[in-house]
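Here is a quick walk through one chain, with stops at a few spots worth a look. Have the viewer open and follow along.

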Amino acid sequence: MKPKPVGIREVARHAGTSTASVSRTLNNPDSVSPKLRARVDRAIQELGYIPDAAARALASRRTRTIGAIIPTVDNAMFARGIEALQSYLSPQGYLLVLSTNSYDPEIEYRQAQNMVSRGIDGLILRGNVHTDALRQLLVTQRIPFINVGVYQPDKPNASVGPNNEMAAWRACNYLLGLGHRDIGMVAALSLNNDRASARVAGAKRALADHGLEMRPEWLVETPYRLDDARQAARKLLMLDESPTAVLCGNDVLAYGVLLEAERRGLHVPKDLSVMGFDDLEWSRHLRPSLTTMHLPTDEIWTRAGEYLVRTLGDQPAVHHHEVDASLVVRESTAGPGAKK
């Protein structure tokens with residue numbers, strides 16, 4: 001026969017405390033002493049107690065569930081961010097529910113509807129391109145949310161991330177400082193992607209500050225996939241006049257440019273400088289290692305989780321937080337025509 005489930009009263013007796021103390025430990029761990037929390041945790045482990053999520057939700061009107069909708073799982077940066085977010089939420093007693101939207105705001109809205117119907121307490125979204133229906137849904141249901149990957153203090157919704165336009169401006173200025181004047185860009189698709197469009201705008205502004213402009217044929221938008229990045233690089237490098245430096249919308253795109261340059265017999269950085277964005281783990285291990293803009297991905301997603309947990313706990317929370325995008329100079333960039 002199926003054993004009788006262990007209840008909160010058994011946990012309280014085993015821990016030598018009251019059911020109220022056990023409840024406080026489960027629902028608000030910071031409100032009890034570390035000693036009591038350790039006793040209750042030990043009792044839970046020894047008895048195999050599983051809290052009744054439905055009952056807790058009815059009592060607190062909270063499910064202690066956070067939703068996150070990202071464009072795709074086929075991106076190392078998103079995977080790392082989600083891992084950091086879950087590492088933060090789990091000790092706080094929150095469950096993370098994940099979904100993808102393929103950069104489609106309508107899909108994002110439907111996924112959010114599904115999450116709201118299942119009782120999420122808060123939601124993390126990527127960027128700030130959302131349907132009006134989604135914004136209205138979250139307001140009506142009083143569900144706090146935060147946009148990650150962007151810093152937009154002029155907007156009403158909470159945000160945490162870099163100033164993407166400024167970061168790309170700095171990246172392009174670095175290439176200009178090396179002496180490059182013929183600078184191209186392999187960017188992500190800007191449709192429904194405000195991070196990608198901001199990075200393109202930043203690069204163009206840096207060029208304009210030097211009395212230059214990016215030739216239309218030297219700007220190629222492509223999905224965040226290695227094969228597509230190679231195709232984009234091929235398109236650039238087969239032109240009669242090709243750039244001496246290529247700024248990429250992220251590191252994966254830069255990997256594609258590096259591979260295509262090698263295939264065509266070009267030496268990086270002597271014949272072509274290549275610069276990435278994000279600073280993924282592989283970027284420092286490549287040969288040549290990749291010059292890029294480092295983004296503190298773990299910090300961005302952890303701060304997003306902190307914002308929601310504090311907001312749900314009626315604690316003060318920073319509404320907009322800017323993280324720094326820092327230049328990391330490695331082997332893939334040099335002055336035009338530089339010696340190895």
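## The largest cavity

In this predicted model, the largest cavity is lined by Pro71, Asn101, Tyr103, Asp104, Pro105, Glu108, Arg126, Val129, His130, Asn192 and Arg195. That lining splits into 4 nonpolar, 3 polar and 4 charged residues. The volume of this cavity is about 80 Å³, and the chain has 4 cavities of 30 Å³ or more.

Asn192 sits in the loop between β6 and α9 (194–209). Is Asn192 buried, exposed or partly exposed? Asn192 has a relative accessible area of 29%, so it counts as partly exposed, since that class runs between the 20% and 50% cut-offs.

## The chain as a whole

Zooming out, the chain holds 12 helices and 12 strands. Its C-alpha trace spans about 80 × 40 × 40 Å along the principal axes. Of the 340 residues, 48% are buried.

As for how the chain folds back on itself, take the contacts between residues at least 6 apart in sequence: 69% of them join residues at least 24 apart.

## Helix α11 and its cover

Now for α11, which runs over residues 251–263. From first C-alpha to last, this 13-residue helix reaches 18 Å, close to the 18 Å expected at 1.5 Å a residue.

How many of the 13 residues in α11 are buried? The count is 10, so the helix is mostly covered. The buried ones are Asp251, Val252, Leu253, Ala254, Tyr255, Gly256, Val257, Leu258, Glu260 and Ala261. An α-helix has 3.6 residues a turn, so residues three or four places apart point the same way. What lies over the buried residues of α11? The cover includes the strands β6 (183–188), β7 (219–222), β8 (245–248), β9 (273–275) and β10 (292–294), along with the helix α10 (226–237).

The bond from Val268 to Pro269 is cis, with omega near 15°, and Pro269 belongs to the loop between α11 and β9. The bond from Arg287 to Pro288 is cis too, with omega near 5°; Pro288 is in the loop between β9 and β10.

The loop between β9 and β10 also holds Asp279. Here phi is positive, at about 65°, although Asp279 is not a glycine. With a relative accessibility of 13%, Asp279 counts as buried, because buried means under 20%.

One last stop: Pro296, in the loop between β10 and α12 (297–312). Is Pro296 buried or exposed? Its relative accessibility is 16%, so Pro296 counts as buried.

Which residues does Pro296 touch, leaving aside those up to four places away in sequence? They are Val323 and Asp324. Ala325 is worth a glance as well: its C-alpha is separated from that of Pro296 by 7.6 Å, though the two residues are 29 apart along the chain.

Technical notes: Residues are numbered from 1 along each chain as its sequence is written. This is a predicted model: local features need pLDDT of at least 70, side-chain atom pairs count only at pLDDT 80 or more; totals for chains, interfaces and linings use all residues. Side-chain values use heavy atoms; hydrogens and water are left out. On a 1 Å grid over the protein atoms alone, a cavity is a set of points where a 1.4 Å probe fits but cannot get out, and a pocket is an open set with protein on both sides within 12 Å along at least five of seven lines; lining residues have an atom within 4 Å of a point. Grid points are joined across faces, edges and corners, and a volume is the space filled by probe spheres set on the points. Ala, Val, Leu, Ile, Met, Phe, Trp, Tyr, Cys and Pro count as nonpolar, Asp, Glu, Lys and Arg as charged, and the others, Gly among them, as polar. Helices (H or I, at least four residues) and strands (E, at least two) are DSSP runs, numbered from the N terminus. Buried means under 20% relative accessible area, exposed over 50%, partly exposed in between (1.4 Å probe, protein chains only). Contact means heavy atoms within 4.5 Å. The expected span of a helix is 1.5 Å times one less than its number of residues.
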